[in-house]
Amino acid sequence: MENREVIEKETVWSAIEAHQGETFYTKKGLPFVYTIRGGEMFTERRERSITRSTFEIALERIRREPERIKGPKALNMYGAPYVWAVLKGIGAI
């Protein structure tokens with residue numbers, strides 16, 4: 001992995017951490033708030049956490065195939081509606 005990619009992943013995760021407690025909306029318009037504990041994101045709508053690595057994988061997929069991945073369903077991963085909403089909300093996509 002290039003140093004630039006490592007820095008970018010750190011920057012994106014830092015932005016995700018900085019926006020915890022704010023209201024985000026899924027593509028279907030459902031509001032949610034999240035908190036970060038370590039390398040995990042927790043929402044009030046989900047019992048399980050969404051890990052930092054899930055966000056990194058999603059961002060990589062979106063950037064690799066932007067013409068194909070136009071929404072959360074195309075991510076095909078756990079927590080996709082929340083991952084998509086947060087990445088979009090912080091301006092990463």
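Start by selecting R61, which sits in helix α2 (helices are DSSP runs of H or I with at least four residues, strands are E runs of at least two, and both are numbered from the N terminus). Before going on, note that this is a predicted model: local features need pLDDT of at least 70, side-chain atom pairs count only at pLDDT 80 or more, and totals for chains, interfaces and linings use all residues. Residues are numbered from 1 along each chain as its sequence is written, and side-chain values use heavy atoms, with hydrogens and water left out.

Leaving aside neighbours within four places in sequence, show I69, L75, N76 and M77, the contacts of R61 (heavy atoms within 4.5 Å). Draw a distance to L75: its C-alpha is 7.4 Å from that of R61, though they are 14 residues apart along the chain.

Now colour the buried residues of α2: T54, F55, A58, L59 and I62. They lie on the same side of α2 because they cover an arc of only 130 degrees around the axis, taken from the directions from the helix axis to the C-beta atoms.

Next, pick out I16, Y34, M41, F55, L75, V86 and L87, which touch the most other members of the 25-residue largest nonpolar core (buried Ala, Val, Leu, Ile, Met, Phe, Trp, Tyr and Cys joined through side-chain atoms within 4.5 Å). Helix α4 gives the most to this core, with seven residues.

How values were computed
Buried < 20%, exposed > 50% of the residue type's maximum accessible area, 1.4 Å probe, protein only.
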